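Student: I'd like to learn how to read charged contacts in a model. Could you walk me through some, please?

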Amino acid sequence: VSLEDLPSSIPIFQLDNVLLLPFGKLPLNIFEERYIKMTLDSLKNNRMIGIIQPKNNNNELFQMGCIGKITSYIETPDYRLVLNLEGVCRFVLHDRNLTPQGYYQASIDCQDYLSDLNNMEPNVDRTELIQKYTNFFKMKKLDIDKDVLAETSNLQLLSTLAMLAPFNKIDKQAILESPNISTRINTINSILDLNTFQVVSNKNSNQLN
């Protein structure tokens, strides 16, 4: 996707606790009628949808989301749509209006995040990062497939692991809002270190009691 392709208006899909990052891949299962209409409208247009997290239960949203491009989709016999989205560029939400089809169309601005389109490989200590994630996943009683990760680029690794990890929504938003790749790496490291440290210190305090 080039700079000229970035939309200023986009349908948005509000998903709690879901993170989409540039170059990350997000599978989605669409079954609600309004979101099926949204997807079909998007397929007729530029195939782009904005993924954004709700802030609370009062229909307020965080100010930043990420554009996803539909790279493939299938229609199932029970009238669902199964999509693959690829993260393109982050955006700031300006306003949104409810469409007659029941989903929100939003005006957005990507101007401050054009570096997201840059596919240069960042410097990252892959071994250390994968090990930290492995410890974190293990702590959450989840597995991580290291063979799959071996085939990813550094960019994809940074996006994929952060999107898969069971972080809370505030942590996910903090990762999304990190200004650039190097601050994103620092944010991810801090969150992983903090989570692991808390578990270790809780264990130690339990042993002391």
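Tutor: Let's begin with K44, which forms a salt bridge with D41, their closest N and O atoms being 3.6 Å apart. The term means a side-chain nitrogen of Lys or Arg within 4 Å of a carboxyl oxygen of Asp or Glu. Side chains of opposite charge can pair when their charged atoms come close. This is a predicted model, where local features need pLDDT of at least 70, side-chain atom pairs count only at pLDDT 80 or more, and totals for chains, interfaces and linings use all residues. Residues are numbered from 1 along each chain as its sequence is written, and side-chain values use heavy atoms, leaving out hydrogens and water.

Student: Where do K44 and D41 lie?

Tutor: Both are in helix 1, 3 residues apart, about one turn of the helix. Helices here are DSSP runs of H or I with at least four residues, and strands are runs of E with at least two, numbered from the N terminus.

Student: Is K44 buried or exposed?

Tutor: K44 counts as exposed at 69% relative accessibility, whereas D41 is partly exposed at 23%. Buried means under 20% relative accessible area, exposed over 50%, and partly exposed in between (1.4 Å probe, protein chains only).

Student: Which residue forms a salt bridge with D116?

Tutor: That is R90, with the closest N and O atoms 2.9 Å apart. The pair links distant parts of the chain, 26 residues apart: D116 sits in the loop between strand 6 (104–109) and helix 2, and R90 in strand 5 (residues 81–98). Both D116 and R90 are buried.

Student: How many salt bridges does the rule give?

Tutor: The count comes to 8 salt bridges.
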